[in-house]
Amino acid sequence: MSDQENYMLKINNLRTSFFTPVGEVKALNNVTFAMKEGDVLGIVGESGSGKSVTSYSLLGLLAYPGKIVGGTIRFNGHEIEKKTEAEMRKIRGDEVSIIFQDPMTSLNPVYTVGNQIVEVIRLHTDKDAAAAQARAKELLELVGINEAEKRLKQYPHELSGGMRQRVMIAIALACEPKLLIADEPTTALDVTIQAQILELMIELKNKLGMSIIMITHDLGIVSNMCEKIAVMYAGKILEYGTVDEIFYTPRHEYTKGLLRSIPNLMDREHKKLVPIEGTPVDMLKPPKGCPFAPRCESCMRICLEHMPEVVHFSDTHYSACWLNQKDEWTKESVEA
Amino acid sequence: MKRLLEVQNLKKYFPVASGRLFEKKVVKAVDDVSFFINKGETLGLVGESGCGKTTTGRTILRLQEPTEGKIIFDGQDITKANMLPYRRRMQIVFQDPYASLNPRMTVGDIVGEGLDIHKLCANKRERQDVIVEMLERVGLNSEHANRFPHEFSGGQRQRVGIARALVVKPEFIVCDEPISALDVSIQAQVINMFEELQDQLDLTYLFIAHDLSVVKHISNRIGVMYLGKLVELADANELTFHPLHPYSQSLISAIPVADPKLSRTRQRIVLEGDVPSPIDPPSGCRFRTRCSYATKICAEQEPEFKEVKDNHFVACHIVE
């Protein structure tokens, strides 16, 4: 935590809310994390945990009624939360890019693949049409598409799902961004195609030296791809650490619960799954204390009243759970 | 052990527009598939999208009429039979709990519909009691009977779908991707419920899913499908740890395991290319275009689906 300048991305106490007709939904609640150049960070969580909103906030892609209401985002020397839409447009696609979940809907069906790649290149660089075309072909080859020349002239519907996702990656990498955000990039794909895409992402990361934020609900994918993991629940990061710390020494009850509730393909014995009981939080009426408290087996009185402070276990590993602050709560429960 | 269901040489072809007048083309969604399921057993069916696993499940229940082949349920050939009496004994749970419940019916009526059709309740009071008992069994309560599907979360809706299937006391249930639309923390709740209900009610499942980790967890035996063909069928552990078909091998190795140390050392076989179109599948073995072991014979001759070890069936020329 010493040298602050090393961080390529630093998000501090980020709060994002959606002002809906039925009330304010606090989608992100004091999210704090940092990334160094070349890091691969996995953000895991269930639907509605705020993992996608985190990346949209960072990209300035929040649609009405969403708004950043507090906190700071430092990315590559920019103060993102203060940027105007026009300024963001320069950064987006150039220094940071995103791949969306569904390659079927995120490509424009009425433009050829070539058009869509060339558009990005010409917007962000001063290459002329011919040079941009050549670069587009190069990019398609980079992401492992054969007959690139022919593919450039095709429309998205002529390509398979895996192919479309490769095109999305080519578009995202057109300007060699510092940071690539992958928002559930393989959820819509089959397992064998998923393996191809994940392999490709790691390969490109090593080749181009970019950082990746991998947003997913699949613990298998993060364990394969990522170095660090942030576990999100109800708009908060409940635990953060290296893959090994999260998988082998989890310190938050939610993380432990998640790990117990998924079947492992490589178990020879039939182990009964231990589900997390209850249902995810209603974000309109979040609990007062720890958001996971109502579903937590080890829930204590204090958990329902106060959000625990973050406790560090190592340089990389921290979590927010009252169980890790025994001294604090025993004192308080004696008083109570 | 008693065989509850047997499928022999099942085929289901769908006509498709060929683009030319008078030329007929078909998609061979299920092509010559044979297997059986013992009473009280869970058979898992895995494969990628378009491999025919869902069509297999639906054709077994005659929700779609088979093109060819035989379906034998409890010793009776039901391929041509009147399905009404069998519908009570064979049920299905669908993938999408949002689309498979009628939004205009209360949960009580959704669950009760099967009771009415099969005339299982003598009067309204009995009907109500049975519905409430069923809802409680799947972790809901009597209050829920008067509510509509939109008032429930995904996990609760899937429970309603399960209650609807179970209320007529079936023996056999086709579970068609029943958990893939649910959140991770909810999946385990539903998987455990399937297992508990099976123990309590002596149910037999055909469990269809693309997530092999889940299928392996719940199944006794697993069948792997590729482009309408069953390519391998074996005991769940045998298939996971000693897969013989090159496709099963790559499928298993492609699944990301939630264990960082293991995933660092694991060998991965990444398949090249995409699944070919089922309209014009490759000749001979359908997997040969993506198979790294393919030889001449694979293009010429279709491999036979045969038992190579005890209860381990595989269709591949290379496996002897």
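Is Arg221(B) buried or exposed, and at what relative accessibility? At 8% relative accessibility, Arg221(B) counts as buried (buried is under 20% relative accessible area, exposed over 50%, partly exposed in between, with a 1.4 Å probe and protein chains only).

This is a predicted model, where local features need pLDDT of at least 70, side-chain atom pairs count only at pLDDT 80 or more, and totals for chains, interfaces and linings use all residues. Residues are numbered from 1 along each chain as its sequence is written, chains are lettered from A and ligands numbered from 1 in the order in which they are written, and side-chain values use heavy atoms, with hydrogens and water left out.

**View 1. Arg221(B) and its surroundings.** Arg221(B) sits in strand E9 (residues 221-226) of chain B; helices (H or I, at least four residues) and strands (E, at least two) are DSSP runs, numbered from the N terminus. Its side chain meets that of Glu41(B) in a polar contact of 2.7 Å. (A polar contact is a pair of N or O atoms within 3.5 Å; within protein, one must be able to donate a hydrogen and the other to accept it, and residues adjacent in sequence count only if both atoms are side-chain atoms.) Leaving aside residues up to four places away in sequence, Arg221(B) also touches a set of residues including Phe36(B), Ile37(B), Leu43(B), Leu233(B) and Asp235(B), where contact means heavy atoms within 4.5 Å.

View 2. Four strands line up as E2-E1-E4-E5 (chain B), with antiparallel pairing; two strands pair if DSSP finds at least two bridges between them. At the edges are strand E2 (24-38) and strand E5 (76-77) of chain B, each pairing on one side only. Helix H1 (residues 53-60) of chain B packs on this sheet, touching E1, E2 and E4 of chain B, and its direction makes about 115° with that of E1(B). (Axes are lines fitted to C-alpha atoms, for helices over the stretch in contact, and angles run from 0 to 180 degrees between N-to-C directions.) Strands E1 (residues 3-17) and E4 (residues 68-73) of chain B share five bridges, and Glu6(B) has Ile72(B) as its bridge partner in E4(B).

**View 3. A closer look at H1(B).** Six of the eight residues of H1(B) are buried, among them Lys53(B), Gly57(B) and Ile60(B). Just past the helix, Arg62(B) takes a positive phi of about 60°.

**View 4. The open sheet of chain A.** Here, too, the order is E2-E1-E4-E5 (chain A), and the pairing is antiparallel. Strand E2 (23-36) and strand E5 (78-79) of chain A each have a single partner strand, so one side of each is left without a neighbour in the sheet. Strand E1 (residues 7-20) of chain A pairs with E2(A) over 10 bridges, and Phe18(A) stands opposite Val25(A) in E2(A). Helix H1 (residues 51-59) of chain A lies across E1, E2 and strand E4 (66-75) of chain A, at about 105° to E1(A).

**View 5. Where chain A meets chain B.** The contact takes 42 residues from chain A and 44 residues from chain B. About 3900 Å² is buried between the two chains, with carbon and sulfur atoms giving 57% of that (buried area is the accessible area, 1.4 Å probe, that two parts lose on being put together, summed over both). Three salt bridges cross the interface, a salt bridge being a side-chain nitrogen of Lys or Arg within 4 Å of a carboxyl oxygen of Asp or Glu. Arg268(B) forms a salt bridge with Glu199(A), the closest N and O atoms being 3.6 Å apart. H7(A) gives the most to the side of chain A that touches chain B, with seven residues.
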